[in-house]
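Have the viewer open as you read.

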Amino acid sequence: MADKRRVIRAGRTFLGGSFRPAAVVIEDGRIADVVGVRDRVIATTVLVPDDAVLLPGLVDSHVHVNE
């Protein structure tokens, strides 16, 4: 199951109008859950650098404008 799951961990995640540490669990290309940044999740892990912000669910209009 781990090959179909990814977890993206970030110290700065924008959720509910504020920044906080969080981990976003992705299953089959969709957000399945948002958990604490230190919660144990069995999945391939991606770490977001400290100088970046994770914006779960945001669609980049520059990429999708022509679709």
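Which residue takes a positive phi in the hairpin of E2 and E3? That would be Asp 28, with a phi near 50 degrees, in a hairpin that has two residues between the strands. Before going further, keep in mind that this is a predicted model, where local features need pLDDT of at least 70, side-chain atom pairs count only at pLDDT 80 or more, and totals for chains, interfaces and linings use all residues. Residues are numbered from 1 along each chain as its sequence is written, and side-chain values use heavy atoms, leaving out hydrogens and water.

Strand E2 covers residues 18-27 and strand E3 residues 30-35; the two run antiparallel and are joined by five bridges (DSSP has to find at least two bridges before strands count as paired). Glu 27 stands opposite Arg 30 in E3.

Glu 27 has another partner too: it forms a salt bridge with Arg 5, with the closest N and O atoms 3.2 Å apart. (A salt bridge here is a side-chain nitrogen of Lys or Arg within 4 Å of a carboxyl oxygen of Asp or Glu.) Glu 27 sits in strand E2 and Arg 5 in strand E1, so the pair ties together parts that are 22 residues apart in sequence. Arg 5 counts as buried at 18% relative accessibility, while Glu 27 is partly exposed at 29%; buried means under 20% relative accessible area, exposed over 50%, and partly exposed in between, with a 1.4 Å probe and protein chains only. The structure holds one salt bridge.

Now look at Arg 9, which lies in strand E1 (residues 5-15). Arg 9 is buried yet has no salt bridge, and the nearest side chain of opposite charge, Asp 39, is 6.9 Å away. What does lie 2.6 Å from a polar atom of the Arg 9 side chain? The backbone oxygen of Val 37 does. Leaving aside residues up to four places away in sequence, Arg 9 touches residues including Ala 22, Gly 36, Thr 45 and Leu 47, where contact means heavy atoms within 4.5 Å.

Zooming out, the protein has one helix and four strands, in the order β-β-β-β-α along the sequence. These are DSSP runs, helices being H or I with at least four residues and strands E with at least two, numbered from the N terminus. Of the 67 residues, 24% count as buried. Among contacts with a separation of 6 or more, 48% come from residues 24 or more positions apart.

Key:
Lys, Arg positive; Asp, Glu negative; His and termini not counted. Polar contact = N/O pair within 3.5 Å; in protein donor to acceptor, adjacent residues only side chain to side chain.
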